[in-house]
Amino acid sequence: MTIFAGASTGVRGCIVVSVDYRLAPEHKFPAGPDDCLAATRWVATNAGQIGGDPARIAIAGDSAGGCLAAATALQLRDDGGPGLCGQLLFYPVTDHYAPPTRSYVELANGYGLTQSGMQWFWNHYLTEAGEADDPRAAPMRAHSFAQLPTACIFTAEFDVLRDEGEAYGQRLQLAGVATVVHRCEGMNHGFIRWVDEIEAVARTIDSACAWLRERFAIRP
């Protein structure tokens with residue numbers, strides 16, 4: 001997961017904080033979400049010391065990092081802050097693999113990330129199956145999606161996680177959260193790593209950066 005803090009007055013750009021959260025299977029759930037929550041709170045508290053604006057903080061992540069970003073936004077809402085100005089999610093994990101979505105079934109093999117691979121990841125992340133109902137693990141299972149920070153979600157056409165990422169965006173929209181969802185045609189899971197190789201990926205990153213700039217331009 002990555003945290004962006006809008007630069008303080010008079011300074012262009014933003015401060016980027018990459019969270020080195022603990023990983024499973026050595027550190028199972030909820031170690032990762034706990035670390036991301038703590039890091040976001042630290043940035044909000046210490047933003048001024050690193051040249052950032054504590055009133056303009058956004059979080060982002062791809063894949064598992066997208067799950068952690070969404071989970072962090074939910075926890076901050078439920079705990080009364082600090083507030084976020086946006087959440088940027090690339091092909092995020094938002095729900096457990098059971099029951100499977102249409103994309104889990106139709107794109108189970110042959111496109112990089114597989115259905116069996118996701119099952120393997122989940123089974124090494126959770127200690128017991130019941131933890132899949134915890135929104136910190138599966139944000140889709142939150143009791144409410146209202147009053148969450150505005151979101152920008154990018155999914156990949158050929159990705160087992162496509163449908164759950166798009167469904168999460170729909171849940172946010174139905175709850176009144178300003179949310180845009182972009183399906184990146186012809187792409188598979190992990191495509192942002194090809195930003196220097198594929199022009200369409202570069203355009204996607206440019207779009208994401210433009211969205212962040214718009215969020216940071218809105219002062220509370």
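**Exercise 1.** In which loop does Pro 82 lie?

*Solution.* The model is predicted, and in it Pro 82 is placed in the loop between H2 and E4. As a next step, look at the peptide bond that joins Gly 81 and Pro 82, which is cis, with omega about 5 degrees. Then move along to the peptide bond from Ala 98 to Pro 99, which is also cis, its omega being near 0 degrees. Pro 99 has its place in the loop between E4 and helix H3 (102–106). For background, most peptide bonds are trans.

**Exercise 2.** Find the order of the six strands in the open sheet, and then identify its edge strands.

*Solution.* Reading across the sheet, the order is E2-E1-E3-E4-E5-E6, and the pairing is mixed. The edge strands are strand E2 (14–18) and strand E6 (179–188), since each of them pairs on one side only. From one strand to the next, the twist averages 20 degrees. In general, the strands of a sheet pair through backbone hydrogen bonds, either parallel or antiparallel.

**Exercise 3.** Which strands does helix H6 (residues 199–217) lie across, and which does helix H2 (residues 64–78) lie across?

*Solution.* Start with H6, which lies across E1, E2, E3, E4, strand E5 (151–158) and E6, and runs at about 170 degrees to E4.

**Exercise 4.** Describe how H1 and H2 pack against each other.

*Solution.* Two packed helices are described by the angle between their axes and the distance between the axes. For H1 and H2 the angle is about 65 degrees and the axes are 9 Å apart, while the crossing of H1 and H2 is right-handed. The residues of H1 that take part are Gly 32, Pro 33, Cys 36, Leu 37, Thr 40 and Arg 41, and they meet Leu 68, Thr 72, Gln 75 and Leu 76 in H2. Sorted by class, this contact of H1 with H2 has five nonpolar, four polar and one charged residues.

**Exercise 5.** How many residues does the largest nonpolar core have, and which elements give two or more residues to this core?

*Solution.* The largest nonpolar core has 45 residues, and among those with the most contacts inside it are Met 1, Ile 3, Trp 122 and Tyr 168. Two or more residues come from each of E1, helix H1 (31–46), E3, H2, helix H4 (115–125), E5 and helix H5 (162–174), and the largest share, seven residues, comes from H2. Apart from this core lies another, of 18 residues, including Phe 90, Tyr 91, Met 187 and Phe 191.

**Exercise 6.** Ser 63 and Gln 147 each have a positive phi; is each of them buried or exposed?

*Solution.* Most residues other than glycine have a negative phi. Phi of Ser 63, however, is near 60 degrees, and Ser 63 is found in the loop between E3 and H2. Because residues under 20% relative accessible area count as buried, Ser 63, at 16%, is buried. Phi of Gln 147 is likewise near 60 degrees, and Gln 147 lies in the loop between H4 and E5. Its relative accessible area is 72%, so Gln 147 is exposed.

Methods
Residues numbered from 1 in each chain as written. Predicted model: local features only at pLDDT ≥ 70, side-chain atom pairs only at ≥ 80, totals over all residues. Heavy atoms only, no water. Pairing = 2+ DSSP bridges. Helix = DSSP H or I, 4+ residues; strand = E, 2+ residues; numbered from the N terminus. Axes fitted to C-alpha atoms, helices over the stretch in contact; angles between N-to-C directions. Contact = heavy atoms within 4.5 Å. Core = buried A, V, L, I, M, F, W, Y, C linked by side-chain atoms within 4.5 Å. Buried < 20%, exposed > 50% of the residue type's maximum accessible area, 1.4 Å probe, protein only. Left-handed = near helix turned anticlockwise from the far one by under 90°. Nonpolar A, V, L, I, M, F, W, Y, C, P; charged D, E, K, R; others polar.
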